[in-house]
Amino acid sequence: MLRFADSPLKLEIPLFSARVPAGFPSPADDHIEGKLDLNEHLVRRPAATFFVRASGESMRGVGIFDGDLLIIDRGVTPQPDDIVIAILQGDLTVKRLKKVRGQWHLAAENNDYPSLPMGEGDCEIWGVVTHSIRRHCGR
């Protein structure tokens, strides 16, 4: 069941001012820069925002992987080339919105998957993907 965030709770998490090198480790820096509320950075319209988990491999080309958390904003008007959540023949799907020779398509970002033409009445755009959060790193 999809639930919309009416008024997300403020959840401030410490933000350290030190940058973490991806090379050689450096001594720990205990200086906290401040608090960071991810809602302030990721959710513009709480009443129009929902979250879903990506499933499958069709959007790997844009960095959306199986298990990633997608943040969807229903208040954004879909534009050509946006990544969208759509209902196609009763099923949710995440694809790129494309216009090809005058017809709208839901395009995969993986050559192993076909582009899906949007027929009259069998497809509805539910919202625009505004962020993708990777589920895990190597676990």
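The largest cavity in this predicted model has a volume of about 40 Å³, a volume being the space filled by probe spheres set on grid points joined across faces, edges and corners. Residues are numbered from 1 along each chain as its sequence is written. Because the model is predicted, local features need pLDDT of at least 70 and side-chain atom pairs count only at pLDDT 80 or more, whereas totals for chains, interfaces and linings use all residues, and side-chain values use heavy atoms, with hydrogens and water left out.

**Cavity**
- A search of the whole structure finds 1 cavity of 30 Å³ or more, where a cavity is a set of points on a 1 Å grid over the protein atoms alone at which a 1.4 Å probe fits but cannot get out.
- Its lining (residues with an atom within 4 Å of a point) consists of Ala 54, Ser 55, Gly 56, Ser 58, Met 59, Ile 64, Phe 65, Asp 66 and Val 94.

**Asp 73**
- Asp 73 lies in strand β4, residues 69-73, strands being DSSP runs (E, at least two residues) numbered from the N terminus.
- With 4% relative accessibility, Asp 73 counts as buried (under 20% relative accessible area, 1.4 Å probe, protein chains only).
- Beyond its neighbours within four places in sequence, Asp 73 is in contact (heavy atoms within 4.5 Å) with residues including Arg 44, Arg 45 and Val 128.

**Asp 112**
- Asp 112 is placed in the loop between β7 (103-107) and β8 (116-117), and is exposed at a relative accessible area of 69%, the cut-off being over 50%.
- Although 54 residues separate Asp 112 from Ser 58 in sequence, their C-alpha atoms are 7.6 Å apart in space, and Ser 58 is one of the residues lining the largest cavity.

Conventions. Helix = DSSP H or I, 4+ residues; strand = E, 2+ residues; numbered from the N terminus. 1 Å grid on protein atoms, 1.4 Å probe; cavity = no way out; pocket = protein on both sides within 12 Å on 5 of 7 lines; lining within 4 Å.
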